[in-house]
Structures are given as structure tokens and as C-alpha cells.
Amino acid sequence: MLTVENIETFYGPSQALFGVSLAVEAGEVVTLLGRNGMGKTTTISSIMGIVRPHAGAIALDGVPIMGWPSHKVARAGLGLVPEGRQIFPNLSVRENLVATAANRSASDSPWSLERVFDLFPALAERRTNMGNQLSGGEQQMLAVARALMTNPRLLILDEATEGLAPLIRAEIWRVLEHLKAAGQSILVIDKNVEALTRIADRHYVIEKGRIVWSGSSGELKGNPDIQHRYLGV
Ligand code: ATP
């Protein structure tokens with residue numbers, strides 16, 4: 001579904017990505033793992049059209065999307081839950097959810113307010129609260145729910161559980177497992193290797209702007225050396 005081939009991305013004169021390649025098939029949950037500053041967010045920003053790679057290719061179902069502006073990439077069906085949530089602070093929970101709602105995957109059973117409130121009962125209770133009145137965990141749930149309301153073909157989560165209490169984190173994992181069972185394709189950036197080897201199909205490890213390892217959850221679980229060397233586990 002999504003293919004990224006040999007992309008090279010710069011910030012001014014400094015090169016952040018040195019030929020990153022990865023792929024996500026329909027229905028797969030894939031992770032991009034790596035320590036801070038290794039190029040995870042830059043990879044996502046390159047895919048989403050937030051920064052433009054100097055070289056390489058990015059395609060969605062064979063259609064080249066590299067160089068497209070972000071809004072066009074989003075409309076093509078890539079739904080981002082950005083690092084730091086970035087929900088609308090002055091809109092209510094309900095308004096946050098409907099503001100960008102769309103059926104981008106042309107789904108027969110698209111996400112609706114009712115369905116996301118079933119998935120996140122805590123948000124249902126807070127539906128009239130403003131974004132800035134929510135706890136960090138509720139804001140994160142809202143960011144995931146808002147992305148679902150665009151019915152993305154591929155959901156991308158950038159550090160969705162960062163800084164969250166263990167119970168809230170578990171809630172996010174529960175939701176990802178539920179989405180995977182429903183066939184949602186997901187690309188996840190997170191540091192929680194243990195939970196991700198349980199949920200995801202495949203993993204890529206990035207180090208200093210290069211993919212240095214990729215493999216299945218079983219292979220990653222059975223490879224303490226990779227976990228220790230590149231992920232500090
Ligand atoms: P983190 O988990 O800390 O966000 P990351 O793996 O997502 O880390 P990136 O944010 O992609 O890493 O950063 C990759 C490299 O690019 C780092 O060396 C970083 O300093 C640099 N970088 C990131 N954003 C910018 C920017 N806007 N301008 C200049 N350099 C940047």
C-alpha cells in the first residue's frame with residue numbers, strides 16, 4: 001500500500017535521512033523504532049509532505065505522492081496522529097472530531113461520532129468540553145479519534161503514548177489491537193518495544209537516518225542484541 005524507497009531528506013545543509021526504505025501492506029501494523037533524533041519523525045514528515053525529500057520515491061498504491069502538499073497527502077488517505085497531539089484547544093471534543101471528518105477510504109462502514117465514542121467512552125463523557133480542558137491522556141485519545149474520523153487508509157501514529165500514564169497507554173494499545181483486528185493498516189512510531197512486538201506484524205529500526213534492521217515481531221523478540229544496540233532496551 002505505502003512504499004518508501006531510498007528517501008534522502010535534509011534540513012538546510014544537514015542531512016537527516018540517508019536512503020530510508022520501508023513498506024506497509026494493506027492490513028499490516030508496522031513500526032518504525034529507534035532512539036531519539038535518529039530520523040523517525042523526519043521519515044513521517046517526508047511521507048506526509050511536511051518536508052520534501054531531495055531524492056527517492058514515495059508511493060501510495062503505486063501512485064507517486066512525494067512532493068505533494070500535506071493536505072493532498074492527507075486526502076489521499078494518510079491519517080497522521082502527530083507527535084504532541086495538536087488537537088484544536090478552542091474547539092469542543094465533538095467539534096474536534098467533526099472538523100476534519102471525511103470518508104477517505106470510501107469505507108462502507110465509516111467511522112462516525114457514535115462509533116468513536118463507543119471506542120473511547122472517556123471522550124463520550126467529555127464531548128462538550130474544550131480541547132484544552134482535557135487531560136493529556138484524553139487529548140491523545142482525541143487525536144487518535146480525530147484521525148479515525150477521516151477514515152484513513154493508513155493511520156500513522158508518531159509517539160502516541162509518550163508521557164502517558166501506564167493505564168492510558170494500555171488503553172491506546174487496546175485501541176490499536178481493536179483497529180488491527182478490524183483490518184486497519186497502521187504505521188506506529190513508539191519506544192514501547194514490548195507492547196509493539198505483541199501488536200505489530202513487522203518492524204523497522206532506524207539509526208542515524210538509515211534503516212539498520214527489519215524483521216517480524218518474533219525475530220525482534222528473539223534478538224536482544226538488536227534491542228539493546230539500537231533501542232536501548
Ligand atoms: P525524536 O524521537 O526525538 O523526535 P526522531 O527519531 O523522530 O527523534 P527526528 O526528529 O526525525 O528524529 O530528527 C532527525 C535528525 O534531524 C536529528 O539530528 C535532528 O536534530 C534533525 N532535525 C529534526 N528536525 C529538524 C529541523 N526542523 N531542523 C533541523 N534539524 C532537524
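Modeller: Happy to. A crossing is called left-handed if the near helix is turned anticlockwise from the far one by less than a right angle, and right-handed if clockwise. This is a predicted model, where local features need pLDDT of at least 70, side-chain atom pairs count only at pLDDT 80 or more, and totals for chains, interfaces and linings use all residues. Residues are numbered from 1 along each chain as its sequence is written, and side-chain values use heavy atoms, with hydrogens and water left out.

Colleague: Which hand is the crossing of α6 and α7?

Modeller: Right-handed.

Colleague: And what angle do they pack at?

Modeller: About 15 degrees, for α6 (residues 136-148) and α7 (residues 166-181), with the axes 10 Å apart. That is why α6 and α7 are roughly parallel (angles under 35 degrees).

Colleague: Which residues meet there?

Modeller: From α6, G137, Q140, M141, V144 and L148 touch I168, E171, I172 and L179 of α7 (heavy atoms within 4.5 Å).

Colleague: Now the ligand: how many residues surround it?

Modeller: There are 13 (a heavy atom within 4 Å), and G37, G39, K40, T41 and T42 are the closest.

Colleague: How far is a ligand oxygen from a polar backbone atom of G37?

Modeller: 2.6 Å. For T41 the distance is 2.7 Å, and for G39 it is 2.9 Å.

Key:
Axes are lines fitted to C-alpha atoms, for helices over the stretch in contact, and angles run from 0 to 180 degrees between N-to-C directions. Helices (H or I, at least four residues) and strands (E, at least two) are DSSP runs, numbered from the N terminus. Angles under 35 degrees count as roughly parallel, over 145 as roughly antiparallel, 65 to 115 as roughly perpendicular and the rest as oblique. A polar contact is a pair of N or O atoms within 3.5 Å; within protein, one must be able to donate a hydrogen and the other to accept it, and residues adjacent in sequence count only if both atoms are side-chain atoms.
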